[in-house]
Amino acid sequence: VQLQASGGGLVQPGGSLRLSCAASGSIFSIKDMGWYRQAPGKQRDLVAAITTGGNTNYADSVKGRFTISRDNAKNTVYLQMNSLKPEDTAVYYCWINNYYSLGARRYNLWGQGTLVTVSS
């Protein structure tokens with residue numbers, strides 16, 4: 001089982017990016033999916049998370065600008081990022097939690113990270 005993230009890059013302030021993360025392999029019934037980010041010299045923090053039922057949770061700093069969504073059939077989570085600011089610059093990691101794989105419930109799987117740079 002692995003998570004493959006894509007969609008990062010360089011964008012100007014005020015611009016938009018869409019991140020995607022697909023879970024592949026023998027994996028079923030993912031309860032929680034989300035995105036964390038880590039800026040240089042800082043800890044990794046939650047950006048947004050979404051449950052199977054569509055309940056969402058956002059960091060205060062991104063509310064109203066970022067939207068998380070998921071496609072359960074594709075085991076994929078998305079993060080639409082609008083009105084980007086320089087302080088959004090970070091490595092973004094996708095994350096899944098409480099999923100079924102290879103005969104057991106498993107927790108906390110991380111993707112490899114994708115760099116988002118917001119700069120003029």
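# Reading an all-strand chain

Mentor: From the N terminus on, the elements run β-β-β-β-β-β-β-β-β-β-β-β-β. The model is a predicted one.

Trainee: How many helices and how many strands does the chain have?

Mentor: The chain has 0 helices and 13 strands.

Trainee: What makes the chain as compact as a globular protein of that length?

Mentor: The globule rule gives 14 Å for 120 residues, and the radius of gyration of the chain is 14 Å, close to that value, so the chain is as compact as a globular protein of that length. Along its principal axes, the C-alpha trace spans about 50 × 25 × 25 Å.

Trainee: Why is L3 called buried?

Mentor: Buried means under 20% relative accessible area. L3 has 5%, so L3 is buried. This residue lies in strand β1. Its C-alpha atom and that of N82, 79 residues apart along the chain, are separated by 23 Å.

Trainee: What share of the chain counts as buried?

Mentor: Buried residues make up 45% of the 120 residues.

Trainee: Which strands pair with β9, and in which sense?

Mentor: Two strands pair if there are at least two bridges between them. β4 and β9 have 7 bridges and run antiparallel. In that pair, D32 stands opposite N97. Strand β13, residues 114–118, pairs with β9 over 3 bridges, also in the antiparallel sense. There Y92 stands opposite T114. Strand β12, residues 109–110, is joined to β9 by 2 bridges and runs antiparallel to it. I96 of this pair stands opposite L109. With 2 bridges, β12 meets the cut-off of at least two, so β9 and β12 count as paired.

Trainee: What holds strands of a sheet together in general?

Mentor: Strands of a sheet pair through backbone hydrogen bonds, either parallel or antiparallel.

Trainee: Which strands form the open sheet, and in what order?

Mentor: 4 strands form it, in the order β1-β3-β8-β7, and the pairing is antiparallel.

Trainee: Why are β1 and β7 called edge strands?

Mentor: β1 (2–6) and β7 (66–71) each pair on one side only. Neighbouring strands of this sheet are turned by 15° against each other on average, direction ignored.

Trainee: How many bridges join the neighbours in this sheet?

Mentor: β1 and β3 pair over 5 bridges, with A5 opposite C21. β3 and β8 pair over 6 bridges, and the bridge partner of A22 in β8 is T76. β7 and β8, the latter covering residues 76–81, pair over 6 bridges. In that pair, D71 stands opposite T76.

Trainee: What makes the phi of S29 worth noting?

Mentor: Most residues other than glycine have a negative phi. Phi of S29 is near 50°, a positive value in a residue other than glycine. S29 sits in the loop between β3 (17–24) and β4.

Trainee: Is S29 buried, exposed or partly exposed, and why?

Mentor: Its relative accessible area is 47%. Buried is under 20%, exposed is over 50%, and partly exposed is in between. The value of 47% falls in between, so S29 is partly exposed.

Trainee: Where is N75, and why does N75 count as buried?

Mentor: N75 is in the loop between β7 and β8. Its relative accessibility is 16%, and the cut-off is under 20%, so N75 counts as buried. Phi of N75 is also positive, near 50°.

Trainee: What is the volume of the largest pocket, and which residues lie nearest its centre?

Mentor: The volume is about 160 Å³. The lining has 13 residues, of which R37, A39, K42, D45 and E87 lie nearest the centre. β4 (32–38) and β5 (45–51) are the elements that give two or more residues to this lining. β5 gives the most, with 3 residues.

Trainee: How do the lining residues of the largest pocket divide by kind?

Mentor: They divide into 5 nonpolar, 4 polar and 4 charged.

Key
Residues are numbered from 1 along each chain as its sequence is written. This is a predicted model: local features need pLDDT of at least 70, side-chain atom pairs count only at pLDDT 80 or more; totals for chains, interfaces and linings use all residues. Side-chain values use heavy atoms; hydrogens and water are left out. On a 1 Å grid over the protein atoms alone, a cavity is a set of points where a 1.4 Å probe fits but cannot get out, and a pocket is an open set with protein on both sides within 12 Å along at least five of seven lines; lining residues have an atom within 4 Å of a point. Grid points are joined across faces, edges and corners, and a volume is the space filled by probe spheres set on the points. Ala, Val, Leu, Ile, Met, Phe, Trp, Tyr, Cys and Pro count as nonpolar, Asp, Glu, Lys and Arg as charged, and the others, Gly among them, as polar. Axes are lines fitted to C-alpha atoms, for helices over the stretch in contact, and angles run from 0 to 180 degrees between N-to-C directions. The radius of gyration is taken over C-alpha atoms; the globule rule is 2.2 Å times the number of residues to the power 0.38. Buried means under 20% relative accessible area, exposed over 50%, partly exposed in between (1.4 Å probe, protein chains only).
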